[in-house]
Amino acid sequence: MIAGLGAFVSRDTAYPKYELHSSVILDSGATLHIGNDKARFSGLTLANRDKFLYTREDHIPIIAYNIMELTV
């Protein structure tokens, strides 16, 4: 199992039609991982309303954060 700090975003705002919508991409160099499945987190702490994930074309509100656990 691998654990690291993660941010939770809503399934509705995280491009639901995207091919890898429910997938996880493991990047050992990342300092923060993004997920849209609450089951992957060990509890959640609500984020401030001014926290966003910025992409090239959009910004997605971060709803909560905590440790994200992945089994590889």
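For the chain, the mean pLDDT is 77, and 76% of its residues reach 70 or more. Where pLDDT is low, the predicted coordinates should not be read in detail.

This is a predicted model, in which local features need pLDDT of at least 70 and side-chain atom pairs count only at pLDDT 80 or more, while totals for chains, interfaces and linings use all residues. Residues are numbered from 1 along each chain as its sequence is written, and side-chain values use heavy atoms, with hydrogens and water left out.

**Overall layout**

The chain has zero helices and six strands, running β-β-β-β-β-β from the N terminus. These elements are DSSP runs numbered from the N terminus: helices are H or I with at least four residues, strands are E with at least two. Of the contacts in the chain with a separation of 6 or more, 67% are between residues 24 or more positions apart; contact means heavy atoms within 4.5 Å.

The accessible surface of the chain comes to about 5,500 Å², and carbon and sulfur atoms hold 52% of that surface. Areas come from the Shrake-Rupley method with a 1.4 Å probe; for residues, only the protein chains shown count as cover. Of the 72 residues, 25% count as buried. Buried means under 20% relative accessible area, exposed over 50%, and partly exposed in between (1.4 Å probe, protein chains only).

The largest nonpolar core consists of five residues: Phe8, Phe41, Ala64, Met68 and Leu70. Strand S6 (residues 64–70) gives the most to this core, with three residues. Such a core is a set of buried Ala, Val, Leu, Ile, Met, Phe, Trp, Tyr and Cys residues joined through side-chain atoms within 4.5 Å.

Ala47 lies in the loop between S3 and strand S4 (52–54). Leaving out residues up to four places away in sequence, Ala47 touches Ile62, Ile63, Ala64 and Tyr65. Ala47 counts as buried because its relative accessibility is 18%.

Side chains of opposite charge can pair when their charged atoms come close. The structure holds one salt bridge, defined as a side-chain nitrogen of Lys or Arg within 4 Å of a carboxyl oxygen of Asp or Glu. Asp37 and Arg40 form this bridge, their closest N and O atoms being 4.0 Å apart.

Val24 is found in the loop between strand S1 (2–8) and strand S2 (33–35). Apart from neighbours within four places in sequence, Val24 is in contact with Arg40 and Leu70. Val24 and Asp37, 13 residues apart in sequence, have their C-alpha atoms 10.0 Å apart.

**Aromatic pair**

The count of aromatic pairs is one. Phe52 and Tyr54 form a tilted pair, with 6.1 Å centre to centre and 50 degrees between the planes. Rings of Phe, Tyr and Trp (its six-membered ring) pair if their centres lie within 6.5 Å; planes under 30 degrees apart count as stacked, over 60 as edge-to-face and the rest as tilted.

Relative accessibility of residues named above:

| Residue | Relative accessible area | Class |
|---|---|---|
| Val24 | 35% | partly exposed |
| Asp37 | 23% | partly exposed |
| Arg40 | 27% | partly exposed |
| Phe52 | 28% | partly exposed |
| Tyr54 | 60% | exposed |

Definitions and conventions: pLDDT is the predictor's confidence in each residue, from 0 to 100.
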